[in-house]
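Work through the exercises below with the sequence and the structure at hand. Each task is followed by a solution in steps.

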Amino acid sequence: MDINQQALVLEQLLKKPENMYCADCHSKIPRWASITFGVFMCIRCSGVHRQLGVHITKVKSVNLDKWPEGKVELFKNLHNDLVNSYWEKNLPKNYRKPEQSASNFEVTEFLTNKYVKKKWANNDDWSNDPAWLFENKPKKFKKYLDYYRDNFCHEKLPEKVNYKSKKIDLSSDDSDNDRKIVHPIKSAARAQPPKQIGLGAPPGSNNRSLPNKQPPQKKVQEFDLLNFEEAPATVPQNTAGSDLFGDFQ
């Protein structure tokens, strides 16, 4: 993975709600990371991490440094809240972590107690640094994930909404039960006055026009004036004689 692809992946990881703040002081827009502990942090805390020494924590920039192989995969499986569930497991509830206005001495003291002295770390026998578990003990890392989900994830699932209409008992005497659930479109259609259709209806009241009935047309009989289609005329036979012009004499 080259540095450009690496930067794109890390930018997507920074959009997670758990990674949008520094793991040590809750400053916004962390642009640095401890590849030892698997957390994103601000530029001020990254300077204090460097002061602790590379034998404690190694710091890399999100978009300026080329990360060692396997470290991007480590951050894909971790986030700030998950890591802090180990390092800050026993942190008092009323304890105020360093703010943006805190001095360098206050930040150094807090990070020394957190990562070097392990003052608030989870001291259970089976527990350990999540980043170390991921790289060295995969099975124990899965066990720690289950522990984190059971003890630190308090998100509630959205309640199911029943969209079915409520049935109303009309036989009850309660006045509230006299209300009927009606469809708004159907009820509006019933509220309109009946339409008048016919000759006695006022003009413009008919939305649907009656079919345009025209009187039946009379069929005109066609005549052949030249009688081409008539049967051939027969010459009358003259029974009186053979003179065909006897009637003109």
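**Exercise 1. Place Ile3 in the fold and list what it touches.**

Solution. The model is predicted. Ile3 belongs to helix α1, which covers residues 3-14. Its relative accessible area is 31%, so Ile3 is partly exposed. Leaving aside residues up to four places away in sequence, Ile3 touches Asn63, Leu64, Asp65 and Lys66. For Lys66, the separation from Ile3 is 63 residues in sequence, while the C-alpha atoms are 5.6 Å apart in space.

**Exercise 2. Describe the protein chain as a whole: which elements does it have, and in what pattern?**

Solution. Count the elements: the protein chain has eight helices and three strands. Along the sequence they follow the pattern α-β-β-α-β-α-α-α-α-α-α. Next take burial: 29% of the 249 residues count as buried. Finally, among contacts with a separation of 6 or more, 60% come from residues 24 or more positions apart.

**Exercise 3. Determine how the buried residues of helix α2 are arranged around its axis.**

Solution. Begin with the residues: in α2 (residues 43-52), Cys45, Ser46, Val48, His49 and Leu52 are buried. Viewed down the axis of α2, these buried residues fall within an arc of 160°, so they line one face of the helix. The spacing follows a general rule: an α-helix has 3.6 residues a turn, so residues three or four places apart point the same way. Then look at the partners: the buried residues of α2 pack against β1 (32-34), β2 (39-41), β3 (59-61) and α5. On the face turned away from the buried side, α2 carries the exposed residues Ile43 and Gln51. Just after the helix, Gly53 has a positive phi of about 105°.

**Exercise 4. Find the relative orientation of α4 and α7, and name the residues that meet.**

Solution. The axes of α4 (residues 80-87) and α7 (residues 138-152) come within 11 Å and cross at roughly 90°. Angles of 65 to 115 degrees count as roughly perpendicular, and α4 and α7 are therefore roughly perpendicular to each other. From α4, the residues Asp81, Leu82, Ser85 and Tyr86 meet Tyr144, Leu145, Tyr148 and Phe152 of α7. Sorted by class, this contact of α4 with α7 has six nonpolar, one polar and one charged residues.

**Exercise 5. Classify the ring pair of Tyr95 and Trp120.**

Solution. The model has 15 aromatic pairs when ring centres within 6.5 Å are taken to pair. For Tyr95 and Trp120 the ring centres are 5.3 Å apart and the planes are at 55°, so the pair is tilted. The pair links distant parts of the chain, with Tyr95 in the loop between α4 and α5 (104-116) and Trp120 in the loop between α5 and α6 (130-136), 25 residues apart. Tyr95 is partly exposed at a relative accessible area of 35%, whereas Trp120 is buried at 5%. Elsewhere, Trp126, Tyr144, Tyr147, Tyr148 and Phe152 form one aromatic cluster.

**Exercise 6. Describe the backbone at His26 and Lys118.**

Solution. Most residues other than glycine have a negative phi. His26 is not a glycine, yet its phi is positive, about 65°. His26 is in the loop between α1 and β1 and is partly exposed, with a relative accessible area of 46%. Lys118 likewise has a positive phi, near 55°. Lys118 is in the loop between α5 and α6, and its relative accessible area of 44% makes it partly exposed.

Technical notes
Residues are numbered from 1 along each chain as its sequence is written. This is a predicted model: local features need pLDDT of at least 70, side-chain atom pairs count only at pLDDT 80 or more; totals for chains, interfaces and linings use all residues. Side-chain values use heavy atoms; hydrogens and water are left out. Axes are lines fitted to C-alpha atoms, for helices over the stretch in contact, and angles run from 0 to 180 degrees between N-to-C directions. Helices (H or I, at least four residues) and strands (E, at least two) are DSSP runs, numbered from the N terminus. Angles under 35 degrees count as roughly parallel, over 145 as roughly antiparallel, 65 to 115 as roughly perpendicular and the rest as oblique. Contact means heavy atoms within 4.5 Å. Ala, Val, Leu, Ile, Met, Phe, Trp, Tyr, Cys and Pro count as nonpolar, Asp, Glu, Lys and Arg as charged, and the others, Gly among them, as polar. Rings of Phe, Tyr and Trp (its six-membered ring) pair if their centres lie within 6.5 Å; planes under 30 degrees apart count as stacked, over 60 as edge-to-face and the rest as tilted. Buried means under 20% relative accessible area, exposed over 50%, partly exposed in between (1.4 Å probe, protein chains only). The arc is that of the directions from the helix axis to the C-beta atoms.
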